[in-house]
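Subject: Structure for your review

Dear colleague,

Please find below the structure that I am handing over to you, with its sequence. My findings follow it.

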Amino acid sequence: MLQQQLPRIVLTDPNGSSAEVLLYGGHIVSWKNQRKEELLFMSSKAKWKQHKAIRGGISACFARFGDVGSVEQNGMTRNRMWSLDRDPSPLPPINDHSSIDLILKSTGVDLKTPRSFELRLRISLSAGNLILIPRVRNTDNKPFSFAFSLCNYLSVSDIRSRFTEQADAITFDGETDRVYLHSPNKIAIIDHEKKRTFVLQKNALPDSVVWNPWNKKAKALPDLGDDDYKMMICVNSAAIDTPILLKPSEEWKGYQEISTVSSSYCSGQLDPNKVLHGFQ
């Protein structure tokens with residue numbers, strides 16, 4: 001199936017920003033600012049076909065834990081067709097935002113030990129930011145626990161050429177695959193060359209994952225171009241260290257907001273503290 005054949009919803013903002021959302025996987029495959037600059041990374045070798053997860057953009061990953069603590073299913077939400085959610089209550093409408101509500105209901109083949117659930121996702125666009133509100137409801141008669149993450153592939157300038165002098169900042173000079181437990185609720189991704197900063201805010205998603213495969217591993221991934229790693233960074237908002245337990249009829253709700261702000265050089269460096277705390 002070609003990219004153009006996948007059903008999608010396009011969100012637009014009066015200021016000119018836009019986002020494209022696929023029903024397949026509830027996947028955000030494009031987010032452009034008012035200058036029509038693409039803010040998300042999509043792999044040049046992404047598999048645009050059903051039953052395959054798409055590399056890039058923003059997607060939700062839901063993993064249910066079995067009775068002995070092992071993950072039975074990981075990422076199945078990314079290769080299923082979602083539906084429009086006609087009744088997203090109890091979430092109120094968001095003023096001055098272009099938004100879409102999606103829902104994915106469990107089927108009999110989802111889990112080895114069947115547990116029924118509903119996964120909802122609200123995606124809202126406004127000038128300069130993109131908000132995601134995921135919700136998981138236990139529609140079964142027994143409790144279950146799960147892990148959850150929002151996988152954010154962000155578009156950056158050549159990741160090899162950036163630098164920073166702050167001791168508390170993460171820099172990239174090789175393969176990076178790190179899980180940060182109980183990470184800050186505000187995270188800045190500073191792109192020195194583009195003088196642009198992504199500010200990621202999250203709630204009920206206490207952990208973070210930072211990933212870049214670098215050159216050797218990129219060549220080993222069939223759905224990633226050899227040089228794609230240079231222009232991407234994957235930063236996930238996650239709840240993976242402590243499983244989320246839901247009793248029957250209970251619902252969990254997360255929150256993530258990504259915004260962009262202009263950055264400027266100051267003696268050859270940027271201050272992450274000003275980015276993290278200076279923009280409300």
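Which type of interaction do the side chains of Asp85 and Arg120 form? The two meet in a salt bridge, with an N to O distance of 2.7 Å. Asp85 sits in the loop between β6 (83–84) and β7 (98–105), and Arg120 belongs to strand β8 (residues 117–126), so this pair ties together parts of the chain that are 35 residues apart in sequence. Asp85 has a relative accessible area of 10% and is therefore buried. Arg120, at 12%, is buried as well. Please bear in mind throughout that this is a predicted model.

Other salt bridges

In total, the structure holds 10 salt bridges. One of them joins Arg8 to Glu20, whose closest N and O atoms are 2.6 Å apart. Since Arg8 is in strand β1 (residues 8–12) and Glu20 is in strand β2 (residues 18–22), the pair ties together parts that are 12 residues apart in sequence. Arg8 is partly exposed, its relative accessible area being 27%. Glu20 also counts as partly exposed, at 24% relative accessibility.

Asp101 and Arg122 provide a further example, their side chains meeting in a salt bridge at 2.8 Å, N to O. This pair links distant parts of the chain, with Asp101 in strand β7 and Arg122 in strand β8, 21 residues apart. Both Asp101 and Arg122 are buried.

Ser43 is located in the loop between β3 (28–32) and β4 (58–65). Its relative accessibility is 6%, and the limit for a buried residue is under 20%, so Ser43 counts as buried. The side chain of Ser43 reaches the backbone oxygen of Asp223 at 2.5 Å. A polar contact of 3.4 Å also joins the side chain of Ser43 to that of Asp228. If neighbours within four places in sequence are left aside, the residues in contact with Ser43 are Arg55, Asp223, Leu224, Gly225 and Asp228.

Cysteines

How many disulfides does the structure contain? The count comes to zero. A disulfide is a covalent bond between the sulfur atoms of two cysteines. For Cys151, the closest cysteine sulfur is that of Cys61, at 5.4 Å, which is too far for a bond because the cut-off requires the sulfur atoms to be within 2.5 Å. Cys151 itself is buried, with a relative accessible area of 9%. Cys234 is likewise in no disulfide, and the cysteine sulfur nearest to its own is that of Cys151, 5.6 Å away. Cys234 is buried too, with a relative accessible area of 4%.

Val179, Leu181 and Ile240 make a nonpolar surface patch of about 230 Å². Of these residues, Ile240 is found in strand β15 (residues 232–246). Ile240 has a relative accessible area of 32% and is therefore partly exposed.

With kind regards

Technical notes: Residues are numbered from 1 along each chain as its sequence is written. This is a predicted model: local features need pLDDT of at least 70, side-chain atom pairs count only at pLDDT 80 or more; totals for chains, interfaces and linings use all residues. Side-chain values use heavy atoms; hydrogens and water are left out. Helices (H or I, at least four residues) and strands (E, at least two) are DSSP runs, numbered from the N terminus. Buried means under 20% relative accessible area, exposed over 50%, partly exposed in between (1.4 Å probe, protein chains only). A polar contact is a pair of N or O atoms within 3.5 Å; within protein, one must be able to donate a hydrogen and the other to accept it, and residues adjacent in sequence count only if both atoms are side-chain atoms. Contact means heavy atoms within 4.5 Å. Patches are made of residues with over 30% relative accessible area and no salt bridge: like charges are joined within 9 Å, nonpolar side chains (Val, Leu, Ile, Met, Phe, Trp, Tyr) within 5 Å. Accessible areas come from the Shrake-Rupley method with a 1.4 Å probe; for residues, only the protein chains shown count as cover. A salt bridge is a side-chain nitrogen of Lys or Arg within 4 Å of a carboxyl oxygen of Asp or Glu.
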